[in-house]
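Subject: Structure for your files

Hello,

Here is the structure I said I would pass on. My notes on it follow below.

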Amino acid sequence: MSATFDTVANIISETCDIPRDKIKPESHAINDLGIDSLDFLDIAFAIDKTFGIKMPLEQWTQEVNEGRATTEQYFVLQNLSQRIDELVAAKKA
Amino acid sequence: MQLEYFRLIDRIVTLDTAARTIQCEADVPTQSTIFDGHFPGMPLMPGVLLMETMAQASGWLILGLTNFAGMPLLAAFKEAKLRSFIAPGTALIVNASIHHQGSGFAVTHAEIRRGERLVCNAEITFRLMPFPNDAFLTNLKAVAASIGFPIEASADG
């Protein structure tokens, strides 16, 4: 389990009052954890601030709406953590 | 302030896109039907309208920073505190700053002062939504111009 996932899981647990042990790498933020759009704004805010990035939520949403990506690619937590790692790496490059 | 029309910002004093701050003026009217009920014999500016005033100042700031890219719609208030009561006829200063500008959302810190005294403050989250049509945007810009919004100072304008 990556350090990024642990950080994201802790953010979700604190923001949404979800027991930490119920948050798994394979959890889908919406389908499995029941996180709604307002709570996800809080999570995105905390992730942006913690990692010093700006998650491209509008781009991701557009890709899903246009059928060019699935929600699993961005909202399954291990995938989200990987996207975050990529954004952090891109910022450092 | 035109309370019944929810037009709560009278004038934009400064919109600093580099510092990502805005300062506005809002004069509470001496007469309003709202004071008939809030409260009979003890007229006070409703706290929810003070919150909305902070939200509107924040909204103009976000519009300035995004060059009217979308409509900032209220999503959440956090740590909102109403610290003193406001009577009809009070001149208010409304300040807001960007705390975080995310993708499709923004978070501001806003406050209202009466002179030097802090009246209320909050952290406010907005979703940025597409404008419903061109007429809406045209009207919004007309309202902006009427309160001194410096169109030329918009971040991308």
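To begin with the cysteines of chain B: the sulfur of B:Cys24 lies 13 Å from the closest cysteine sulfur, that of B:Cys120, which is too far for a bond. Please bear in mind that this is a predicted model. Seen from the other end, B:Cys120 has its closest cysteine sulfur in B:Cys24, at 13 Å, so a bond is ruled out there too. The cut-off for a disulfide is 2.5 Å between the sulfur atoms. Over all chains the structure holds zero disulfides. B:Cys24 counts as buried because its relative accessibility is 0%, and B:Cys120 counts as buried because its relative accessibility is 0%.

Next, the interface. Chain A and chain B bury about 1,100 Å² between them, with 59% of that on carbon and sulfur atoms. On the chain A side, the residues that lose the most area to chain B are A:Leu41, A:Phe45 and A:Lys54, which together make up 44% of what that side buries. The contact draws 14 residues from chain A and 14 residues from chain B.

As for specific pairs, there is one salt bridge between the two chains. It joins B:Lys78 to A:Asp42, with the closest N and O atoms 2.9 Å apart. Seven residue pairs are in polar contact across the interface.

Helix 2 (37–51) and helix 3 (57–65) of chain A each supply at least two residues of the side that touches chain B. Helix 2 gives the largest share, eight residues. By type, that side of chain A has eight nonpolar residues, one polar and five charged.

Regards

Conventions:
Residues are numbered from 1 along each chain as its sequence is written. Chains are lettered from A and ligands numbered from 1 in the order in which they are written. This is a predicted model: local features need pLDDT of at least 70, side-chain atom pairs count only at pLDDT 80 or more; totals for chains, interfaces and linings use all residues. Side-chain values use heavy atoms; hydrogens and water are left out. Contact means heavy atoms within 4.5 Å. Buried area is the accessible area (1.4 Å probe) that two parts lose on being put together, summed over both. A salt bridge is a side-chain nitrogen of Lys or Arg within 4 Å of a carboxyl oxygen of Asp or Glu. A polar contact is a pair of N or O atoms within 3.5 Å; within protein, one must be able to donate a hydrogen and the other to accept it, and residues adjacent in sequence count only if both atoms are side-chain atoms. Helices (H or I, at least four residues) and strands (E, at least two) are DSSP runs, numbered from the N terminus. Ala, Val, Leu, Ile, Met, Phe, Trp, Tyr, Cys and Pro count as nonpolar, Asp, Glu, Lys and Arg as charged, and the others, Gly among them, as polar. Buried means under 20% relative accessible area, exposed over 50%, partly exposed in between (1.4 Å probe, protein chains only).
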